[in-house]
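Hi there,

Here is the structure I promised to pass on. Have a look at it first, and then read on for my notes.

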Amino acid sequence: MSDKNTKEMSSSSLDPANPEEWQAFRQQAHGMLDDMLGYLQDIRSRPVWQPIPDAIRAGFHEPLPRAPGDLAQAHRTFMDNILPYAVGNAHPGFMGWVHGGGSPVGMLAEMLAAGLNANLGGRDHIPIEVERQIVRWVRELFGFPETASGLFVTGSSMANFIGTLVARTRKLGADVRTDGVAASAQRLSAYTSARAHGCIAQAMDLAGLGRDMLRLIPVNEYGQMDLSVLAAQLKVDSERGFTPFLIVGTAGTVDAGAIDDLTAIAQIARQHDAYFHVDGAFGALAMLSPQLAPRLKGLELADSVAFDFHKWMQVPYDAGFILVRDGELHLETFASQEKTYLKRGERGMAAGSPWPCDYGPDLSRGFRALKTWFTLKVYGADGLARVIEHSCALAQYLQQKITANPQLQLLAPVALNIVCFRYLPEGISDEQADALNQQIVIALQESGIVAPSSTTMGGHFAIRAALFNHRTSTQDIDALLDATLTFGRRLAAA
Ligand SMILES: *Cc1c(COP(=O)(O)O)cnc(C)c1O
């Protein structure tokens, strides 16, 4: 072998090459950790979000780096050009969409998981037992039987899709996986509220059942699915030869946090032999709070529940979850063991069947369970419940301030932690108010003070404050109100 070959044979390791290099790496690593802890500790001193300069964006259009580079240099670029231009959901002033704030403990757990680099598709190792521990905790929390199965997925979009597929298997049998939906004589129809998340329609699309086969049922004044309309639609569809197979209830609508009457929906689903799935993306984890849990009555009757640890429970992205009452049906929907390279064993590393890959479409899977396990072990269910209760208390505080101010108008009842309102000074039309409030939301986001998002409520453009961040306090709510009024006055005068 030539010298060159020998060198290439011995030098492919990506690790530092010797004790001196390890020492230098260790020092750099500690510096990086310190920078992230500093980011979290001093986050209030930063803007929530800031517009991205063109030059920064252009910096990510460089050619593929062929030659090795310096870690310290890459980290510097991260600190200067990436970190300041994130969306800001770690910041207490972030009130947009439905984003979790993350936590220092979750951050450290992510690092440990990355170091271990476990693949949780299958095989016999303790990381999978950690995931099963979470499944057991979730069953306990939601009052599900021991035969219920659970799986970490990216998010509730995927979890709702999996729930839809399990419902499809229940109605058409596992043969649908081989024969396809087109081979069935049945025309499956599904039902959810008009305020349901868009991923429910997407799930129908991905499952080959079609978006039009999802009936969007109007909501009542509280934003809940109108059950008399649901019953009427089920009747009409049955008479017209459709097969209702799935009803999706929402526990916490994305726009206003409304919770459907889950107990009543469970009963209607049973009457029509339909599967009852709950999209509890953020709301389901209100079960952590004994004070809020009664609001979710009926959740324990669901055939499956989709939810996210990465929203209200603050686990770093991503950590979605699907819980399925009938673990066998869940298995029938996904299991496939005919591949020789995935053969299971009684002993050795290939033991421990069924594997997580038998419960969903992913084979290679990261160790999402670890950051969730750390979050629960360190903060405790009670500590996390306090975070959730605190967000709801802040929403009540905000609601009171809005109703007490004649220039502000509340646009939806506050069910949990989401407040929809608008700036409505005397004498302006609805049309002017829509345009003005759109400008206010942009001004708030660009100010870096607070970052709400928007939605439409009762035909009006609404400023939407979704309070999910554990760092948010009354000080941030006051800042939201002050800035809304200041920008509102300024923009209305312009
Ligand atoms: C966030 C959310 C979803 C989507 O969940 P992802 O984790 O973003 O995929 C679905 N439904 C509701 C009610 C949500 O709030």
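T455 has A462, in strand 12, as its bridge partner. That pair belongs to the stretch where strand 11 (residues 451-457) and strand 12 (residues 460-466) run antiparallel, joined by five bridges. Please keep in mind as you read that this is a predicted model.

Both strands are part of an open sheet of five strands, with the order 1-11-12-10-9 and mixed pairing. At its edges are strand 1 (94-95) and strand 9 (408-410), each of which pairs on one side only.

Two helices go with this sheet. Helix 14 (residues 430-447) lies across strand 10 (418-423), strand 11 and strand 12, and runs at about 30 degrees to strand 12. Helix 15 (residues 474-493) also packs on the sheet, where it touches strand 1, strand 9, strand 10, strand 11 and strand 12. The direction of helix 15 makes about 25 degrees with that of strand 10.

- Strand 5 (residues 243-250) and strand 6 (residues 275-279) pair in the parallel sense over five bridges; here V248 has H277 of strand 6 as its bridge partner.
- Strand 7 and strand 8 pair in the antiparallel sense, over five bridges, with G320 in strand 8 as the bridge partner of D308.

How well covered is strand 7? Mostly: five of its five residues are buried. S304, A306 and D308 point one way from the strand, while V305 and F307 point the other way, and all are buried.

What does helix 7 bring to this region? N160 is found in helix 7 (residues 156-172), and its contacts beyond its neighbours within four places in sequence are C199, I200, A203, H277, V278, D279 and A306. N160 has a relative accessibility of 0%, so it counts as buried.

**The lysine in the UniProt record**

Which residue does UniProt list for "modified residue: N6-(pyridoxal phosphate)lysine"? The record gives K311, and the entry is an unreviewed one. In the model, K311 is found in the loop between strand 7 (304-308) and strand 8 (320-324).

Is K311 buried or exposed? K311 counts as buried because its relative accessible area is 14%, and the cut-off for buried is under 20%. Leaving aside its neighbours within four places in sequence, K311 is in contact with V98, G100, A281, F282 and F468.

**A leucine in another loop**

L285 sits in the loop between strand 6 and strand 7. With a relative accessible area of 1%, L285 is buried. Its contacts, leaving aside neighbours within four places in sequence, are L141, F142, F307, D308, F309, M313 and I388. L141 is 144 residues away from L285 in sequence, yet their C-alpha atoms are 8.9 Å apart in space.

**Aromatic rings and charges**

How many aromatic pairs does a search of the whole structure find? It finds twelve. Ring pairs link F142, F152, F307, F309 and F321 into a cluster. Among the members of that cluster, F142, F307 and F309 are also contacts of L285.

Two arginines lie over aromatic rings as well:

- R325 has its charged end over the ring of F144, 4.4 Å from the ring centre.
- R123 lies over the face of W355, at 5.6 Å from the centre of that ring.

If you open the model in your viewer, you could begin with K311 in its loop and then move on to the phenylalanine cluster around F307 and F309.

Best wishes

Methods. Residues numbered from 1 in each chain as written. Predicted model: local features only at pLDDT ≥ 70, side-chain atom pairs only at ≥ 80, totals over all residues. Heavy atoms only, no water. Phe/Tyr/Trp six-rings, centres within 6.5 Å; stacked < 30°, edge-to-face > 60°. Lys NZ or Arg CZ within 6 Å of the ring centre and 35° of its normal. UniProt positions renumbered as here; feature names shortened; annotations may be inferred. Helix = DSSP H or I, 4+ residues; strand = E, 2+ residues; numbered from the N terminus. Buried < 20%, exposed > 50% of the residue type's maximum accessible area, 1.4 Å probe, protein only. Contact = heavy atoms within 4.5 Å. Pairing = 2+ DSSP bridges. Axes fitted to C-alpha atoms, helices over the stretch in contact; angles between N-to-C directions.
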